[in-house]
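Subject: Structure handover

Hi,

Here is the structure I said I would pass on.

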Amino acid sequence: MSDLLERLRAGLPPEALITDPDVTASYAHDMASFCEAGTPAVVVLPRTVEQVQHVMRTATALRVPVVPQGARTGLSGAANASDGCIVLSLVKMDRILEISPVDRIAVVEPGVVNAVLSRAVNEHGLYYPPDPSSWETCTIGGNIGTASGGLCCVKYGVTAEYVLGLEVVLADGRLLTTGRRTAKGVAGYDLTRLFVGSEGSLGIVVKAVLALKPQPPQQLVLAAEFPSAATACDAVCRIMERGHTPSLLELMDRTTVRAVNAMASMGLPETTEALLLCAFDTPDPLADLAAVGELCTAAGATEVVPADNPAESELLLQARRMSLTALETVKSATMIDDVCVPRSQLGAMLAGTAAIAEEYDLTIGVCAHAGDGNTHPVVCFDHHDPDESRRARESFDAIMALGLELGGTITGEHGVGVLKKEWLARELGETGVELQRSVKAAFDPLGLLNPGKLF
């Protein structure tokens, strides 16, 4: 420990090192339940690329594991510390280095908060689409590490589609530049995409070149009430089948709606079994909403209400964004799943989740990026009750098994981390895991970067 601190201090300013056990303990885990976390030896908050390189050279020399972190808003334990590790928190590297309206790119450090970047590019008439529910606090580096999504994915896609290039500090301290600043480029293997979603297991992202879009018109939202989740999912299928491209298409079940109302008095309709939110940012959103409203009615919607103005639309989106937080208030703990299925199987996924909730005698609320088939079943339980905690874990596994049975994946945007290691192996198979381990070994032969995650 003394040797580690002495070497780190040789290349870092005093304020970049945290050794107080009470403070370092607060950096030990992200927001996931049921995920083990160790005790870090030290927390480092670098401000420069050179400081990150110094940390990695020190870690390699002393064979000390390093756990990269952003804002720790993750939900899979990917940012959890391991015993004796260096926690490398990148939140102080928070500069927006460039915004180019001509090239339609932004160049940023990893600690830039998603919402800060979004507002900055808006001032130039540009738009950075990825917007996770935690966008007011989550960082771009964390978004890249988990390949996060958000409400707008149905039209604009996920983080991976906006990362053009990266600067990455490798395990041995070397600096690697990947990708490009250009609109096109196919030179060599796509290492940029390899790092996106790697959860800090291959290198430390210290700079990112991000693609931007022209800022679209302000969107308008329609809310449709349904007597069942099945009819709401039928409406989703009809909307997509008819070729509509909404800017978001989100679903909240009755449990979620009631939780949001209880927490924030939003006035959402508690009599509904499923609330579908559909938005358009097209030149004529009212016409698009009218067409979608007809499809919702045909699918069985009991009421279809388009928002009258952008302010009302934003209020509905706030309700959706706070869904996960609201469900956390139902019981003392939650397990948030992240299963994505083909859109055609969305109804079966929700029906199966309801059956699992009944089987295990648990409250499971579901909110979903319905246009992507990406569901977030939230298992609510009393963590003081050992039997209920056991049933919660078993129901969580049952939901992931259901997703795979329906042709889906165990994670659409939250990542694997610690929480889903076993399930990643089931999804990829033996050969897939073997090849991924080989990739990990090529970048990190000593296994120092975020050990114990993914595999």
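Predicted model: local features only at pLDDT ≥ 70, side-chain atom pairs only at ≥ 80, totals over all residues.

Let's start with the largest pocket. The space in it comes to about 900 Å³. Its lining is made up of 50 residues, and if you want to find the middle on screen, go to T73, G74, C138, G142 and T146, which lie nearest the centre. Four elements each bring at least two residues to this lining: strand 3 (66-69), helix 5 (140-146), strand 10 (204-211) and helix 12 (323-327). Helix 5 gives the most, with six residues.

Now for the second largest pocket. This one holds about 620 Å³ of space and has 26 lining residues. To centre your view there, pick Y127, W135, Q219, E314 and R321, the residues nearest the middle of the second largest pocket. Two helices each supply at least two residues of its lining, namely helix 4 (114-122) and helix 11 (310-321). The largest share comes from helix 11, which provides five residues. By class, the lining of the second largest pocket splits into 13 nonpolar, eight polar and five charged residues.

Cheers

How values were computed
Residues numbered from 1 in each chain as written. Heavy atoms only, no water. 1 Å grid on protein atoms, 1.4 Å probe; cavity = no way out; pocket = protein on both sides within 12 Å on 5 of 7 lines; lining within 4 Å. Points joined across faces, edges and corners; volume = space filled by probe spheres on them. Nonpolar A, V, L, I, M, F, W, Y, C, P; charged D, E, K, R; others polar.
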